[in-house]
Amino acid sequence: MAPTLHETGHIPTFVRRLEFAIRFLSDVAKLDTSFAIYRAMQESDRLQRNGCPSWLGDLAGPPHSLPFPMPHLHSFANISPASCKALPRELRSGCKRFLTGEIQARISLQLLHHRLEPQENGHARFIHLTRRHYLSRIVVPDHRLAVTQLLAGSFRFCGLHSSTTAVSLQRQLCWRCGQEKETPTHVFLVCSDPPTVDARHDLRSALSSRCNYWLPASLAGVPEGDRVRILRGLIFHWDRVLPVARFIFRVAKGWKWFGATFSNDVVESRPGMDGNE
Ligand SMILES: [Zn+2]
């Protein structure tokens with residue numbers, strides 16, 4: 001769910017529901033005792049203080065069950081215009097940090113970690129949640145789908161998981177060349193499988209002629225962290241993404257879309273990671 005929200009810019013329903021209630025409370029707090037709804041809220045406040053069921057009592061519960069910290073809701077009598085404005089903002093920012101943390105904690109979403117959103121003009125920037133408009137530049141649906149599947153972790157790579165004990169080294173190796181662990185960067189940037197090398201050669205030509213970008217002929221000796229940065233720099237780029245999408249589609253199709261089948265805890269466990277790193 002987190003990748004879907006991350007890529008479409010949608011706020012989860014449980015947050016939106018609370019947001020509506022808080023906005024309603026803010027609107028009522030701006031009124032005075034000449035309004036029946038204001039007096040009803042005062043009564044609700046009195047019931048809550050006495051430990052009786054009430055609308056405000058119901059509203060006080062959900063913020064504490066959220067998967068991210070939220071400030072306590074004040075008593076209705078003490079709600080100020082400033083706190084009315086602050087609560088929805090805190091709710092939104094907490095939700096964004098939470099969803100980003102969910103992405104950061106998943107190994108299969110390696111390419112989405114610290115994702116930068118390309119801009120038509122100016123530098124790419126980090127945005128927690130947004131509809132990824134720039135991907136609509138990829139006009140061939142199959143190419144766009146291949147990029148999305150790669151980013152969303154739908155392609156499973158034998159060498160991309162959390163456990164060094166549950167999966168033998170033999171099972172982690174690339175099934176085409178057997179020279180390195182099968183990871184996205186190995187497959188797309190390094191693998192010596194002949195059809196993949198041909199596709200990479202065509203990509204290199206397209207990048208240099210259309211994007212004025214030179215992709216090194218070999219990244220074999222380059223550390224994994226730098227390879228990931230290079231692959232992200234190819235995908236999260238306003239212009240490069242077009243030839244790169246074609247390349248990803250061509251390779252993925254040739255590889256029959258990958259498909260390691262490890263259990264989820266082996267693939268994703270990544271203790272200690274969060275979105276605020
Ligand atoms: Zn290989």
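Modeller: Let us begin with helix α10, which in this predicted model covers residues 224-235 and has 12 residues.

Biologist: Which residues of α10 are called buried, and what makes a residue buried?

Modeller: The term requires 20 or more other C-beta atoms within 10 Å of the residue's own, and in α10 the residues that qualify are Leu231, Arg232, Leu234 and Ile235. They cover an arc of only 160° around the axis, and therefore lie on the same side of α10, whereas Gly225 and Asp226, on the other side, are exposed.

Biologist: What do the buried residues of α10 pack against?

Modeller: Their partners are α6 (141-151), α8 (184-190) and α11 (241-254).

Biologist: What makes a set of residues a nonpolar core, and how many residues has the largest one?

Modeller: The members must be buried residues of nonpolar kinds such as Ala, Val and Ile, joined through C-beta atoms within 7 Å, and the largest such core has 42 residues, with Ile235 and Val147 among those that have the most contacts inside it. To this core α11 gives the most, with eight residues. Beyond its neighbours within four places in sequence, Val147 is in contact with Leu135, Ile138, Ile235, Ala245 and Ile248.

Definitions and conventions
Residues are numbered from 1 along each chain as its sequence is written. This is a predicted model: local features need pLDDT of at least 70, side-chain atom pairs count only at pLDDT 80 or more; totals for chains, interfaces and linings use all residues. Helices (H or I, at least four residues) and strands (E, at least two) are DSSP runs, numbered from the N terminus. The expected span of a helix is 1.5 Å times one less than its number of residues. A residue is buried if 20 or more other C-beta atoms lie within 10 Å of its own, exposed if 12 or fewer, and partly exposed in between; C-beta atoms are placed from the backbone. The arc is that of the directions from the helix axis to the C-beta atoms. Two residues are in contact if their C-beta atoms, placed from the backbone, lie within 7 Å.
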